[in-house]
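Here are my notes on this one, in the order I'd go through them. Have it open while you read.

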Amino acid sequence: MAKITILVTGGNGQLGRELQMLAARHPAYNYVFTDRSTLPIEDEQQVNAFFATHRPAWCINCAAYTAVDKAESDKAAAFRINGDAPGYLAAACKKHDAKLIHISTDYVFDGNSAVPLKETDPTCPINVYGASKLAGEQKAMENNPGATVVIRTAWVYSEFGNNFVKTMIRLMKERPAINVVDDQLGSPTYAADLAAAILQIVTHPHFAPGIYHYSNEGRITWYQFALAIRERIGSTCTVNPIPSSQFPTPAKRPHYSLLDKTLIRNTYQLTIPAWETGLETCLAHIG
Ligand SMILES: NC(=O)c1ccc[n+]([C@@H]2O[C@H](COP(=O)([O-])OP(=O)(O)OC[C@H]3O[C@@H](n4cnc5c(N)ncnc54)[C@H](OP(=O)(O)O)[C@@H]3O)[C@@H](O)[C@H]2O)c1
């Protein structure tokens, strides 16, 4: 029997690269990894042509406009890629009887919660990136509600690309002291753990569409995460806690990013690693 095809958009991003690593260990599927040049997801015609040619049974959308600060002054592009494109992918999935796993973000919330955020909690983005991602998950669900899974995640890092962990390692080598915000609470997500969760959904015998939350387990601030990195790499750099007000950025960040993972854990029988485990595995890969 011919292998079913899994299309992974944004295949060279952090999550896309982790899926590439996993794919090598799961040869039961035929994977097609695309990037911005081979499949620009905001081009509806190219999306439709791609689906007609490759006939994927699954589409995992890892492509996104992820420059959170730049999005504030580049709203149209952010909305085309994060807002419209997931709708095109969902519509193409519907036409070709494929399933979509679309990745979204905790930035759809305003960060004013005091308890871990559930999938049903009211959304209220406080920056352009969050608003564009909310539009994308809504369009994807509207266009193919019966075959779309939206996974909201947060604080993603990996050995690939640019992220907090790699930035901290670099700064801790370059400087005697650094300042890190201590008033944003969340749980980091090691992209390899999220990639494994996605494959668990693909291979699970019972597909259940809908919105789900996923991050690693635990709760920390960015400052505490920086301390954990410092300890594990044996750095002597001083890490000072600062409030977000002392680190102004074009886009506001939510103060609270903790996600309640009960639904994805129960629906797809996931065992979610603690953030410490994810960090240690990632650091071992970075070497
Ligand atoms: N990173 C985080 O902290 C975080 C947190 C919450 C949710 N998320 C979500 O998680 C998902 C994966 O994020 P990530 O960290 O893996 O992001 P990433 O490393 O920035 O990767 C995104 C990929 O999408 C590609 N891309 C951008 N525009 C595209 C387009 N028009 N068509 C096709 N590909 C395009 C990018 O290519 P170029 O490099 O060429 O631009 C990049 O390879 C995204 O949906 C993101 O919104 C991320």
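1. Start with the ligand shell: β4 contributes the most to it, with 3 residues (near means a heavy atom within 4 Å; strands, E, at least two residues, and helices, H or I, at least four, are DSSP runs numbered from the N terminus). This is a predicted model, with local features needing pLDDT of at least 70 and side-chain atom pairs 80 or more, while totals for chains, interfaces and linings use all residues. Residues are numbered from 1 along each chain as its sequence is written, and side-chain values use heavy atoms, leaving out hydrogens and water.

2. Of the 24 residues around the ligand, R36, E42, T66, Y129 and K133 come nearest. A ligand oxygen is 2.6 Å from a side-chain N or O atom of R36, and a ligand oxygen is 2.7 Å from one in the side chain of K133. The protein buries 80% of the 890 Å² that the ligand exposes when taken alone (Shrake-Rupley, 1.4 Å probe).

3. Now the sheet. It is open and parallel, with 6 strands in the order β2-β1-β3-β4-β5-β10 (paired strands share at least two DSSP bridges). β2 (30-33) and β10 (210-213) are the edges, each pairing on one side only. The average twist from one strand to the next is 20°.

4. Two helices to look at. α1 packs on the sheet and touches β1, β2, β3 and β4, at about 155° to β2 (contact: heavy atoms within 4.5 Å; angles run from 0 to 180 degrees between N-to-C directions of axes fitted to C-alpha atoms, for helices over the stretch in contact). Helix α7 (191-203) lies across β1, β2, β3, β4 and β5, running at about 160° to β5.

Key:
Polar contact = N/O pair within 3.5 Å; in protein donor to acceptor, adjacent residues only side chain to side chain.
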